[in-house]
Number of protein chains: 2
Amino acid sequence: MRALGRHVLAEVYGCSFEILNDIKKVEEIMVKAALEAGAEIREVCFHKFSPQGVSGVVVISESHLAIHTWPELGYAAVDVFTCGERVNPWDACRYLTEKFKAADVHATEIERGVIEPPQAAAVNL
Amino acid sequence: MRALGRHVLAEVYGCSFEILNDIKKVEEIMVKAALEAGAEIREVCFHKFSPQGVSGVVVISESHLAIHTWPELGYAAVDVFTCGERVNPWDACRYLTEKFKAADVHATEIERGVIEPPQAAAVNL
């Protein structure tokens, strides 16, 4: 069996309110995190909520990065999902948690797309 | 402790090649899945890969839906992440797996943003 993708779900606590509430900064950090990991960016879309909070996604050739921020709680839910051998989701994760000045990060990697190999053909011996 | 969000990670197998490779259909299904669950759509961005495959995200007020398709494997990696009590991620999940004509779905729900309540103030008795 092989997995097509690696999906890191990061619970990012203790971040700066100002950064998490600034759509330009959040977008810049997420885009740079993708580039830091060597990903190829395809689409970028971010949204600012009122009175606070930012949601956004960077679609990459290798899958996506997503973020939702709760500045009032200093918390961000971050996903880094990558396919292929070339890009390591943890490189992006390390970059962005540093830039958000996170005090505490709980992150887990989940395999996505575990595909069974084709059954071996029956052979008459 | 309370969780801010519910994140369903769905491994969707045995889907129609034609649907998974059609960016318009994939986008339409994902947007309708969000609406089916009662979510409020904020941003929609999809990308078609060559020779095959679609990646896309629907950013909603309640978080996001994301998809990456491997039409040649009949497989899609789907995320439905919602916050708040009003929207149930499983409603979106059920809708889209039906529309993709999935033969098999493995889905898991993960809590996101588990925030500790503030410590009770010390009281002199």
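1. The model is predicted, so local features need pLDDT of at least 70 and side-chain atom pairs count only at pLDDT 80 or more, while totals for chains, interfaces and linings use all residues. Residues are numbered from 1 along each chain, chains are lettered from A, and side-chain values use heavy atoms, without hydrogens and water.

2. In chain A, helix α3 covers residues 89-99, a helix being a DSSP run (H or I) of at least four residues and a strand a run (E) of at least two. Its buried residues (under 20% relative accessible area, 1.4 Å probe, protein chains only) are A:Pro89, A:Ala92, A:Cys93, A:Tyr95, A:Leu96 and A:Thr97, and they pack against β1, α2, β4, β5 and β6 of chain A.

3. At the start of α3(A), a side-chain oxygen of A:Asn88 comes to within 2.9 Å of the backbone nitrogen of A:Trp90, and the helix is followed by A:Lys101, which has a positive phi near 55°.

4. In chain B, the axes (lines fitted to C-alpha atoms over the stretch in contact) of helices α2 and α3 come within 8 Å and cross at roughly 145°, an angle taken between N-to-C directions on a scale from 0 to 180 degrees. The residues that make this contact (heavy atoms within 4.5 Å) include B:Ile29 and B:Ala33 of α2(B) and B:Tyr95 and B:Leu96 of α3(B).

5. UniProt places the feature "modified residue: Pyruvic acid (Ser)" at A:Ser63, although such annotations may be inferred rather than shown by experiment. A:Ser63 lies in strand β4 of chain A and is buried, with a relative accessible area of 2%; among the residues it touches are A:Phe81 and B:His68.

Methods
Buried means under 20% relative accessible area, exposed over 50%, partly exposed in between (1.4 Å probe, protein chains only). A polar contact is a pair of N or O atoms within 3.5 Å; within protein, one must be able to donate a hydrogen and the other to accept it, and residues adjacent in sequence count only if both atoms are side-chain atoms. Lists of a residue's contacts leave out its neighbours within four places in sequence.
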